[in-house]
Amino acid sequence: MSATEKLQVEVPPAASMAEEDLATAPGIIPALTTKRQYRHMSLLGPLAVFAAFIGFWYAAPYLFFSDRKFLVPPPHDVLYVAFIENATLGQLWDLLQLVVSDIVPFLTIDVEPEGSVLIDNLVALWLTTKVALTGLFFAIVLGTLGAMLMSQARWIEQSFYPYLIALQAVPILALVPLIGSFFGFGFTARVIVCIIISFFPIVANTLFGLLSAERGYHELLSLHGAGRLIRLRKLMIPAALPAAFTGLRIAAGLSVIGAIVGDFFFRRGDPGIGSLLDVYFARIRQEELFGATILSSLLGIAVFVFFGWLGRLVTGAWHEERAGT
Amino acid sequence: MTETAAMGLAGATRESAVAFDHVDMVFPDGTHAVEDVSFAVSPGEFVTVVGPSGCGKSTLLRIASGLETPTGGAVHIDRSNIGYVFQDATLMDWRTVKRNVELLGELHGLDKAERARRAQEAIATVGLSGFEDHYPKALSGGMRMRTSIARSLTLAPPVFLFDEPFGALDEITREHLNGELLRLFVDKGFAALFITHSIYEAVFLSTRVLVMSARPGRIVADIEIPFGYPRSDELRFDAGFAELSGLVSHELRSAHA
């Protein structure tokens, strides 16, 4: 494997670049903006863009779908049907109980949250989240162990890496029938999809991180008699953390995609948000469809933000961010 | 080869802190880095090897420390406790100054209280008290190098190997740290083998300056620096200092002409 390949995997996808650019942008022109103006702009700017977006949404049916205006329901209709109509706090309380019951082992609370579009969507979203997080968990365990193994000897790395690249290049949809025939069409199959899709960024970035310590550091440890385990614990693992979290953040987003893809194809068991999207689409329930789409996006954003936050929490104190931050 | 070095080899294993005995180094790719190098550093002596970049002088330290095995000859040195100061400070970003300085104690199994005590003392010695809880990213280049030296000091090694430790620093910081290093040298009484490409640094620090030729590196001159210790910064403006610097410079030029 060449150095360029390694470097490429470290580069976050467009979404994360954009986030970092936004974070650094105000620092570029410190002379022109005082702290106070900057605070205003950081709130007003996005709000203005949001307002423009809503305006565009209202205008879109007239601009693009004049003969089929029903395809783009106005925002207030979406808001009402998908988020407000029939929704009660009691339903949310039931959902919370369901979530707790799913998370805490050996605890079973018998609730069936239902009664509004919002709660249907949220329950489905929770099922998808469960699949995504389970898949992500196994991908982290397997990916980290795999990366540690590959970091121990060049020949191990060279033996496995081509297949990792291959795994990453295989279109996940092409694997769906095989996965289904092996693992059935329920929870397990969906989790497998998530593992496959989020495994590569974790293993690749963690490996890159593990191998990132320069020769001098290894020599320092060698001079003082450190063996493999000490070297791994005191040097390679801590050095790998920033890159590993970059990989984790990418993988978390991908596992949400994997879970929704899984929902589309593996219909057995409870429906995830992907199944609902498909149902709404088939029945031209545009308000519900928009609502479910928005919730799916929020889930993706939430995991991305969460793992970004977790990474900063763990490495923020010592890790040198890019210039300007 | 000068007379001093040749004679110094007689009882090398017993009396010298480090002794190179006809050391030859040819790397697998065919690079002949070091050719027939013999010299010894006595306890309490500060020996500097000066030469241009890429002449194999760092290789000498790597051989002395055991990081490389010479293809010919031998090095006599007690490797149980060597202080090795790298060109780069090699601080771990995720450790604070204190935890960085404690690293070697950890690797050698010192208990927590002892590690902390030695780290505290070493940090005070290099003048970094108050910065114990800073992470390396908050330190200047000079402070990073001091932390690196403090880390080595915790094991109180009788021999120090310095691989161009101040090469990346600005001149003011470098001269300042030269003074501090000499203070440590006088205070702790270790033997030092120092690598640099700065003639003035070599003359200012050393009891002896060895001049190395271009690759394959050979020792072409062995120059005694007779100034006593402690040395003040004003020594740099002394006529004798200028004369010796000129001599080293002349040897370097004739070796690389």
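Start by selecting Leu210 of chain B: Leu210(B) stands opposite Asp222(B) in β9(B). The model on screen is a predicted one.

**The six-stranded sheet of chain B**

Strand β8 of chain B covers residues 208-212, and five bridges join it to β9(B), the two running antiparallel. Now show the whole sheet. Its six strands follow the order β5-β6-β7-β3-β8-β9 (chain B), the sheet is open, and the pairing is mixed. At its edges are β5 (82-85) and β9 (219-224) of chain B, each of which pairs on one side only. From one strand to the next the twist averages 15 degrees.

Ala156(B) is in the loop between α6 and β6 of chain B. Its phi is near 45 degrees, a positive value in a residue other than glycine. Ala156(B) counts as partly exposed, because it has 13 C-beta neighbours inside 10 Å.

Next select Glu164(B), in the loop between β6 and α7 (171-188) of chain B. Phi of Glu164(B) is also positive, near 45 degrees, and again the residue is not a glycine. Glu164(B) is buried, since 20 other C-beta atoms lie within 10 Å.

Two cis peptide bonds can be inspected next. One runs from Arg215(B) to Pro216(B), with omega near -5 degrees; Pro216(B) lies in the loop between β8 and β9 of chain B. Another joins Tyr229(B) and Pro230(B), with omega about -5 degrees. Pro230(B) is in the loop between β9 and α9 (239-256) of chain B.

Select Met145(B), in helix α6 (residues 141-153) of chain B. Is Met145(B) buried or exposed? Met145(B) is buried, because 26 other C-beta atoms lie within 10 Å. Show its contacts, leaving aside neighbours within four places in sequence: they are Ala89(B), Pro165(B), Phe166(B), Leu169(B) and Leu177(B). For a distance to draw, take the C-alpha atoms of Met145(B) and Val126(B), which are 19 residues apart along the chain and separated by 9.7 Å.

Strand β1 (residues 18-26) of chain B pairs with β4(B) over five bridges in the antiparallel sense.

Then select helix α3 (residues 57-65) of chain B. Nine of its nine residues are buried, so the helix is largely enclosed by the rest of the structure. Among the buried residues are Lys57(B) and Arg62(B), along with Leu60(B), Leu61(B) and Ile63(B). Gly66(B) follows α3(B) and has a positive phi, near 95 degrees.

**Over to chain A**

Colour the contact between the chains: 15 residues of chain A are in contact with 14 residues of chain B. On the side of chain A that touches chain B, the elements giving two or more residues are α10 (215-223) and α11 (228-265) of chain A. Of these, α10(A) gives the most, with six residues. The residues on this side of chain A divide into eight nonpolar, five polar and two charged.

The last stop is helix α7 (residues 154-169) of chain A. This helix of 16 residues reaches 23 Å from its first C-alpha to its last, close to the 22 Å expected at 1.5 Å a residue. Where in α7(A) does the kink lie? The kink, of about 30 degrees, is at Phe160(A), shortly before the proline Pro162(A). Of the 16 residues of α7(A) the number buried is one, so this helix lies largely in the open.

How values were computed. Residues are numbered from 1 along each chain as its sequence is written. Chains are lettered from A and ligands numbered from 1 in the order in which they are written. This is a predicted model: local features need pLDDT of at least 70, side-chain atom pairs count only at pLDDT 80 or more; totals for chains, interfaces and linings use all residues. Two strands pair if DSSP finds at least two bridges between them. Helices (H or I, at least four residues) and strands (E, at least two) are DSSP runs, numbered from the N terminus. Axes are lines fitted to C-alpha atoms, for helices over the stretch in contact, and angles run from 0 to 180 degrees between N-to-C directions. The expected span of a helix is 1.5 Å times one less than its number of residues. The bend at a residue is the angle between axes fitted to the seven residues ending there and the seven starting there. A residue is buried if 20 or more other C-beta atoms lie within 10 Å of its own, exposed if 12 or fewer, and partly exposed in between; C-beta atoms are placed from the backbone. Two residues are in contact if their C-beta atoms, placed from the backbone, lie within 7 Å. Ala, Val, Leu, Ile, Met, Phe, Trp, Tyr, Cys and Pro count as nonpolar, Asp, Glu, Lys and Arg as charged, and the others, Gly among them, as polar.
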